[in-house]
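Here are a few exercises to work through with the model open beside you. Try each task on your own, then follow the solution step by step.

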Amino acid sequence: MISFIGAGPGDPDLITVKGQKRLAEADVVIFAGSLVNPAVLHVCKAGAEIHDSASMTLEAVLAVMKRAVGEGKKVARVHTGDPSIYGAIREQMDALDELAIPYEVIPGVSSFLAAAASLRKEFTLPDVSQTVIITRLAGRTPVPEKESLSSLAQHKASLCIFLSTHLLDQVTAELISGGYREDTPAAVVYKASWPDEKAVQGTLGDIAGKVAEAGIARTAMIMVGQFLEGPYSRSLLYHPEFTHGYREAERGSGQ
């Protein structure tokens with residue numbers, strides 16, 4: 001059995017209980033060493049065979065999986081954050097399907113969620129935004145034109161941009177050309193939940209300069225939108241005048 005495990009954003013306490021259990025049981029561990037905090041591996045049993053996939057190809061990863069499963073061993077494939085977001089697990093799962101090797105996927109806490117927690121922000125605020133867009137700037141990995149930052153900017157939703165901090169000047173230029181104002185709140189969180197986490201806040205007009213001054217170029221989450229600051233409306237969920245399936249409006253509250 002192969003267990004794809006989301007390791008979480010960095011803090012080893014943010015891996016799920018199920019993910020940590022599978023990791024502790026594994027005979028063979030393949031982890032994305034360029035992004036996964038090695039501290040997550042402290043639960044691995046003595047004698048576990050551990051591979052850092054940062055220097056491995058897909059073929060090499062699959063060869064380790066195939067050999068280990070053939071020897072009757074349990075394999076943990078550990079990805080940063082949640083493996084369904086920029087985890088490149090589809091190609092691994094398709095190959096395992098062809099080999100008739102069973103697997104499971106255990107989700108994890110993505111860094112965009114850890115970044116919001118770090119800043120103590122909520123993406124979905126009434127009368128501000130009810131939509132979160134997760135994307136990246138096109139680079140060596142292309143992004144469909146219909147998903148360009150300038151196109152997505154037109155929605156004015158809460159925006160989380162992965163893998164693009166080294167091109168922050170281009171990111172802000174595309175968002176402004178797409179319709180965001182220069183004074184739109186923006187933030188960059190470096191290594192959210194890690195001990196050396198850094199957070200920089202500003203606007204689309206000045207965030208690139210602030211981030212450069214902080215020495216942040218990679219491994220950071222870019223967040224843009226009015227959810228970062230400014231007014232919002234109170235939620236109806238806990239409003240005394242609002243009735244829903246679990247609570248009646250309070251008497252005399254106006255409903």
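A contact here means heavy atoms within 4.5 Å. The model is predicted, so local features need pLDDT of at least 70 and side-chain atom pairs pLDDT 80 or more, while totals for chains, interfaces and linings use all residues. Residues are numbered from 1 along each chain as its sequence is written, and side-chain values use heavy atoms, with hydrogens and water left out.

**Exercise 1. The whole chain**

Task: Find how many helices and strands the protein chain has, and what share of its residues is buried.

Solution: Begin with the DSSP runs, numbered from the N terminus: helices are H or I over at least four residues, and strands are E over at least two. The protein chain has seven helices and ten strands. Next, apply the burial cut-offs: buried is under 20% relative accessible area, exposed is over 50%, and partly exposed lies in between, with a 1.4 Å probe and protein chains only. By that rule 43% of the 255 residues count as buried. Finally, look at contacts with a separation of 6 or more: residues 24 or more positions apart account for 64% of them.

**Exercise 2. Strand β5 and its partner**

Task: Work out which side chains of β5 are buried, and which residue of β5 is the bridge partner of I5.

Solution: Start from a general rule: in a regular strand the side chains alternate between the two faces of the sheet. Then turn to pairing, which requires at least two DSSP bridges between two strands. Strand β1 (residues 2-6) pairs with β5 in the parallel sense over four bridges. Within β5, I106 is the bridge partner of I5.

**Exercise 3. Helix α4 and its cover**

Task: List the buried residues of helix α4, and find which strands are among the elements that cover them.

Solution: Helix α4 spans residues 111-119, and its buried residues are F112, A114, A115, A116, S118 and L119. Their cover includes the strands β6 (132-136), β7 (158-162), β8 (185-190), β9 (198-203) and β10 (220-224).

**Exercise 4. Aromatic pairs**

Task: Count the aromatic pairs, then trace those that F123 forms with F112 and F227.

Solution: Rings of Phe, Tyr and Trp (its six-membered ring) pair if their centres lie within 6.5 Å; planes under 30 degrees apart are stacked, over 60 edge-to-face, and the rest tilted. The count comes to five aromatic pairs. F112 and F123 form a tilted one, 5.8 Å centre to centre with 40° between the planes. F112 lies in α4 and F123 in the loop between α4 and β6, so the pair ties together parts eleven residues apart in sequence. F123 is buried at 9% relative accessible area. The rings of F123 and F227 have centres 5.0 Å apart and planes at 55°, so this pair is tilted. It links F123 to F227 in the segment after β10, 104 residues apart. F227 counts as buried at 4% relative accessibility. To finish, Y86, F112, F123, F162 and F227 form one aromatic cluster.

**Exercise 5. Charges over rings**

Task: Find which rings K156 and K191 sit over.

Solution: The test asks for NZ of Lys or CZ of Arg within 6 Å of the ring centre and within 35 degrees of the ring normal. K156 lies over the face of Y180, 5.6 Å from the ring centre. The charged end of K191 sits over the ring of W194, 4.1 Å from its centre.
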